[in-house]
Amino acid sequence: MEILDGKKISNQIKDEIAIDVAQMKERGEKVPHLAAVLVGNDGASLTYVGSKVRSCKKIGFESTLIHLPEETTEEALLKQVEALNANSDIDGYIVQLPLPKHIDEEKVLMAVDPDKDVDGFHPTNFGKMALDMESFISATPFGIMELLKRYNVDTEGKHTVVIGRSHIVGRPISILMSQKGKAANATVTLTHSRTKNIEAFTQKADIIVSALGVPNFLKAEMVKDGAVIIDVGITRVPDETRERGYYITGDVDFENVSKKASYITPVPGGVGPMTIAMLLKNTLLARERHQVKNT
């Protein structure tokens, strides 16, 4: 069994981006600029956005954090999005989800300029990704693909079972892995919470990508020997015995499933760090594309 070490690979990617940014500076070019919009004080979102800002600093990006109060109106947020769309200094930006309940997430995401949508959530980018055209790929599926590539995991002709049909992970990874190319050419089955006898699919799977968000859902008896396991789930489970009052776990019963797997991602330290690395990669791509457009 080999650990698919997202922390190690994400650091490699950041180092590669840092070299590109240093070369941009040497040529006197503008370095990439990533902005993040955060509404409210959700603990997980604050942690995640803070990590993105620190990563930007480390690799030489410019970064801007726009932190708005919980009671910000939908209209005010849409004006902020318009301002970011119009600001030529910003190469890419993200609106951190979830948004407060009184704001229509879909309306906000639709307002983001697809050319600056480094999260890859806009229908224009999703559609181009599905058609195998140049686009911004949603950072988590992009990270999974990169992890499989860098570990040379054989996916060609393999039966991949995806658990979860979200627009952010499940659906895009099912499309990406079925396309032509490296870490792709797989035969993909997309399952979800309404799939009956889900173990009938997972027990035959060569590769399982679990993005359900249910702690320890995937048990050892649901997995065949030698399967490749990608755990996208990340859940805070309350635990009064811990200093933080919780522990983080994934969708996979790691202790037992890892004994049968050929490759497996840990939680934390697997897919999570890759998501941030690929968001930075998308921002670098945005800067390069804007440069080509403006020359």
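Before I look at any residue: buried means under 20% relative accessible area, exposed means over 50%, and partly exposed is in between (1.4 Å probe, protein chains only).

**Ground rules.** I'm working on a predicted model, where local features need pLDDT of at least 70, side-chain atom pairs count only at pLDDT 80 or more, and totals for chains, interfaces and linings use all residues. I number residues from 1 along each chain as its sequence is written, and side-chain values use heavy atoms, with hydrogens and water left out.

**Ile-234.** Is Ile-234 buried or exposed? I get a relative accessible area of 57% for Ile-234, so it counts as exposed. Ile-234 sits in the loop between β8 (228-231) and β9 (235-238); strands (E, at least two residues) and helices (H or I, at least four) are DSSP runs numbered from the N terminus. Skipping neighbours within four places in sequence, I find Ile-234 in contact with Ile-248, Thr-249 and Val-267, where contact means heavy atoms within 4.5 Å.

**Ser-166.** I place Ser-166 in the loop between β5 (159-163) and α7 (170-178). Ser-166 has a relative accessible area of 32%, so I write it down as partly exposed. With neighbours within four places in sequence left aside, Ser-166 is in contact with Arg-171 and Pro-172.

**What the record says.** An unreviewed UniProt entry gives the annotation "binding site" to Gly-164, Arg-165, Ser-166 and Ile-234. Of these residues, Ser-166 and Ile-234 are included in the lining of the largest pocket. I keep in mind that such annotations may be inferred rather than shown by experiment.

**Cavities.** My grid is 1 Å over the protein atoms alone: a cavity is a set of points where a 1.4 Å probe fits but cannot get out, a pocket is an open set with protein on both sides within 12 Å along at least five of seven lines, and lining residues have an atom within 4 Å of a point. Points join across faces, edges and corners, and a volume is the space filled by probe spheres set on them.

How many cavities of 30 Å³ or more are there? I count two. The largest cavity has a volume of about 40 Å³. Its lining includes Leu-34, Lys-52 and Thr-64, and the elements giving two or more residues are β2 (33-39), α2 (43-59) and β3 (62-68).

The second largest cavity holds about 30 Å³ of space. Among the residues lining the second largest cavity are Phe-126, Met-129 and Pro-172. Helix α5 (residues 123-130) gives the most to this lining, with three residues.
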